[in-house]
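Subject: Structure for your review

Hello,

Here is the structure you will be working with. My notes follow below it.

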Amino acid sequence: MARFHLPRECWGPDAALTGDEARHLSQVLRVREGGHISVFDGAGSSAPAEVVRITKHRVELRIGEIGHSDAHRPAVLLAQAVPKGKTMDWIVQKSVELGVAEIQPLITRNTVVQVGDDEAPKKREKWQRVALEACKQCGQNFLPAVAEPCDFAAWIAGAGEMSGVKLIASLADGARPFREVLRDLPGVPDAVTLLIGPEGDFTPEETSAALAAGFVPVTLGDIVLRVETASLFGMSALRYEFA
């Protein structure tokens, strides 16, 4: 059954899809009046719905019995240095499939892609759409928030105040095995921040700043991974350990 995002404030007697979701239903999938779909609010609720009326910019719905999903624990914030090309799209998509709660794109010293202030909102909007499409495809009822790309130095300056477990994938000496760090935790944490660097890794200064902010360096093994592989490895390990 086709899935559509319907913000929670739109649920009720006057429930209706608008914008891109309405166009996708009527013009791409060509669902007709009387057809049945599924809707989710991005905050854990979902329900079957009947298409009651279709107009040019609006699809009126009759919402069925509402179900609720529990959020994954821990809530994972993926702090991801933006890689080149379209790799970030892939990372966002796969992270959503693995239950990420939030994604913070970062611009580091070795980041190949530089995002200007005028480009940041457009990048965020694009990656948020990727996250939404991934939710619709995989059945995820929680829509992760994708933040605007942020300068690493500015972001890490406030990271010391973040709660929960903080991990940085690191090639530096002294990094502990990921498995060992996770299994030394006293229980399932409420939140985990996973920091993944760019092609060429973090600079020594950036790594030092992360350690000063309370991040624990973890190794992903003795093979140097591509950025997207490191992200997928980290997200998969967290999902496996705490599923």
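This is a predicted model: local features need pLDDT of at least 70, side-chain atom pairs count only at pLDDT 80 or more; totals for chains, interfaces and linings use all residues.

How many bridges join β8 to strand β9? Two, and the strands run parallel. Strands pair here if DSSP finds at least two bridges between them. In this pairing, Glu 102 stands opposite Ala 145 of β9 (residues 145-146).

Residues are numbered from 1 along each chain as its sequence is written, and side-chain values use heavy atoms, with hydrogens and water left out. Helices (H or I, at least four residues) and strands (E, at least two) are DSSP runs numbered from the N terminus.

Strand β8 (residues 102-107) has two further partners. Strand β7 (residues 75-81) pairs with β8 in the parallel sense over five bridges, and Leu 77 stands opposite Glu 102 there. Strand β10 (residues 150-151) is parallel to β8 and joined to it by two bridges; Cys 150 is the bridge partner of Leu 106.

Elsewhere, Ser 46 lies in strand β4 (residues 45-54). Ser 46 has a relative accessible area of 18%, so the residue is buried. Leaving aside residues up to four places away in sequence, its contacts (heavy atoms within 4.5 Å) include Trp 11, Phe 40, Glu 65 and Asn 141.

Regards

Key
Buried means under 20% relative accessible area, exposed over 50%, partly exposed in between (1.4 Å probe, protein chains only).
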